[in-house]
Amino acid sequence: MLDRTAGLSEAAQHAVEFLAGLDERPVAARVDAAGVRDVLGGPLPEHGEAPDVVIDALVAGAEPGLVATAGPRHFGFVIGGALPAALSADWLVSAWDQNAAFHSLSPAAAAIEEVTAAWARDLFGLPEDASVGFVTGCHTANFTALAAARHEMLRRAGWDVEADGLNGSPTLRVVVGGEVHVSVLGALRMLGIGSRQVVSAEADAQGRMLPDALDAALGAVSGPAIVCAQAGNVNTGAFDPLEDIAGIARRHGAWLHIDGAFGLWAAASPALRHHTRGVELADSWATDAHKWLNVPYDSGVVFVAHPAAHRAAMSLTAAYLVRSADEPREPMDWTPESSRRARGFAVYAAVRSLGSRGIADLVDRCCRLARRFADRLRAEPGIEILNDVVLNQVLVRIVPASGDADAATRAALARVQQARVCWLGGTRWHNMEAMRISVSNWSTTEADIDRSADSIIEAVRA
Ligand SMILES: Cc1ncc(COP(=O)(O)O)c(C=O)c1O
């Protein structure tokens with residue numbers, strides 16, 4: 001008989017060593033995937049090995065291929081780290097191995113979801129009766145919210161989409177901003193709404209949807225409509241003018257969804273809340289906990305102002321799925337998954353360890369550090385900052401005195417990545433190559449920003 005705890009102490013020791021070295025570890029991986037496959041691959045093993053042996057071998061083979069995404073100088077994509085309380089809670093979630101589908105499977109997981117949902121609504125200033133689902137990330141949160149939107153808008157048009165599908169249904173119109181995040185289009189695709197069927201309302205130079213363009217787009221269509229707005233553009237951090245957009249959506253009888261993967265967290269900061277003015281007027285919201293809240297992967301949250309629509313789009317019944325006779329909320333009714341990791345615990349631990357003030361401080365600090373980054377870089381000849389740094393995102397372009405700025409930007413980015421002091425990703429913004437910086441980690445300091453800015457400047461001068 002196996003010892004249930006075999007391998008745990010080895011795992012803990014490896015984890016502690018990894019975390020202790022995270023601040024100083026070169027950010028990029030030391031070996032590529034082929035290097036990891038060479039060590040850990042091979043034919044299917046016929047005989048098993050002891051858990052501690054497996055863990056030691058896994059660490060030896062995988063560790064050189066890890067990226068320090070949880071560390072303080074990974075500025076690629078929009079990547080949060082792991083707050084100590086959230087990480088510890090997440091370990092327990094694995095040890096407890098709860099299935100968060102039903103009360104009958106885990107009253108603790110169900111209760112924690114309810115507590116955490118209420119805290120999250122409070123943090124963002126969302127309606128108290130909004131329903132909440134704990135999902136894998138914002139992409140799935142967008143999907144869940146838009147499934148609720150599809151249900152409700154077609155129901156109002158006299159159509160039961162869960163029963164009758166989309167064939168022959170009233171046409172559902174979807175309007176997005178010109179800089180919509182691709183995960184919204186991905187979510188719509190899964191819901192049977194192709195990207196060529198989506199109408200794009202023009203955005204301004206920072207990527208904010210233009211209210212007049214939305215008004216015109218909605219005016220040009222008839223029938224049930226959904227508007228997808230954005231809090232926090234993935235390149236610039238810019239916010240759509242939510243209050244204006246909510247007024248227009250309401251006037252046209254459209255459902256308003258807000259993709260706030262990281263930008264919704266501005267609503268948790270008194271200093272930044274003005275960016276999300278009007279957010280509470282929407283019908284649904286999607287965000288991530290694994291980005292700015294610094295909960296370990298994976299963790300997203302969806303909110304819907306119309307619980308009946310949310311539940312109708314997600315809930316399933318079968319004779320063996322035992323529902324609580326006493327509890328009004330079954331966790332499975334609000335997500336597209338059935339069996340599910342108990343993600344609420346880590347979100348709860350993160351929120352409790354910071355408190356609302358700590359969350360506001362985290363968000364404010366990241367934005368301050370992003371501005372410091374931008375100021376350091378723009379002081380260097382040949383470096384331009386392409387966006388207004390209103391949040392935690394900075395777009396950097398290299399413009400040499402002579403020659404091709406796109407090529408210079410690409411070359412500088414490759415040199416930055418090779419130097420491994422920090423990691424940035426590339427993007428194209430308004431037909432220009434750019435490097436993207438996202439400051440989203442709880443442990444990033446001013447010294448990290450200065451070291452990283454020096455590394456980028458060195459790469460540009462080279
Ligand atoms: C604005 C926005 N929406 C949605 C997503 C998708 O989030 P996830 O990859 O966590 O599912 C992202 C990811 O960066 C994003 O920036």
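Biologist: How far is the sulfur of C228 from the closest cysteine sulfur?
Modeller: That closest sulfur sits in C138. A disulfide is a pair of cysteine sulfur atoms within 2.5 Å. The gap at C228 is too far for a bond, being 11 Å.

Biologist: Which pLDDT do local features need here?
Modeller: Residues are numbered from 1 along each chain as its sequence is written, and side-chain values use heavy atoms, with hydrogens and water left out. This is a predicted model: totals for chains, interfaces and linings use all residues, side-chain atom pairs count only at pLDDT 80 or more, and local features need pLDDT of at least 70.

Biologist: How many disulfides does the structure hold?
Modeller: Look at C138. Its closest cysteine sulfur is in C228, and 11 Å is too far for a bond. The disulfide count for the structure is 0.

Biologist: Is C228 buried or exposed?
Modeller: Buried means under 20% relative accessible area, exposed over 50%, and partly exposed in between (1.4 Å probe, protein chains only). C138 has 6% relative accessibility, so C138 is buried. C228 has 3%, so C228 is also buried.

Biologist: In which strand is H257 found?
Modeller: Helices (H or I, at least four residues) and strands (E, at least two) are DSSP runs, numbered from the N terminus. H257 falls within residues 255–259. That run is strand β5.

Biologist: What is the relative accessibility of H257?
Modeller: Contact means heavy atoms within 4.5 Å. Beyond its neighbours within four places in sequence, H257 touches several residues, including N142, L146, C228 and W285. H257 counts as buried because its relative accessibility is 0%.

Biologist: Which elements do the buried residues of α8 pack against?
Modeller: Helix α8 covers residues 182–190. Its buried residues are S183, V184, G186, A187 and L188. They pack against α6 (138–156), β2 (173–177), β3 (198–201), β4 (225–230) and β5.

Biologist: Which residue with a positive phi follows α8?
Modeller: Its phi is near 85°. The residue that follows α8 is G192.

Biologist: What is the area of the nonpolar surface patch made by V39, L40 and L58?
Modeller: Like charges are joined within 9 Å, and nonpolar side chains (Val, Leu, Ile, Met, Phe, Trp, Tyr) within 5 Å. V39, in helix α2 (residues 33–40), counts as exposed at 56% relative accessibility. The patch area is about 260 Å².

Biologist: How many aromatic pairs does a search of the whole structure find?
Modeller: Rings of Phe, Tyr and Trp (its six-membered ring) pair if their centres lie within 6.5 Å; planes under 30 degrees apart count as stacked, over 60 as edge-to-face and the rest as tilted. The number of pairs found is 6.

Biologist: What is the angle between the planes of F77 and W423?
Modeller: The two rings lie 5.8 Å centre to centre. They count as stacked, with the planes apart by 10°.

Biologist: How far apart in sequence are the parts that this pair ties together?
Modeller: F77 lies in the loop between α3 (51–62) and α4 (84–96). W423 lies in the loop between α13 (405–419) and β10 (425–429), so the separation in residues is 346.

Biologist: Is W423 buried or exposed?
Modeller: F77 counts as exposed at 51% relative accessibility. W423 has a relative accessible area of 18%, so W423 is buried.

Definitions and conventions: Patches are made of residues with over 30% relative accessible area and no salt bridge: like charges are joined within 9 Å, nonpolar side chains (Val, Leu, Ile, Met, Phe, Trp, Tyr) within 5 Å. Accessible areas come from the Shrake-Rupley method with a 1.4 Å probe; for residues, only the protein chains shown count as cover. A salt bridge is a side-chain nitrogen of Lys or Arg within 4 Å of a carboxyl oxygen of Asp or Glu.
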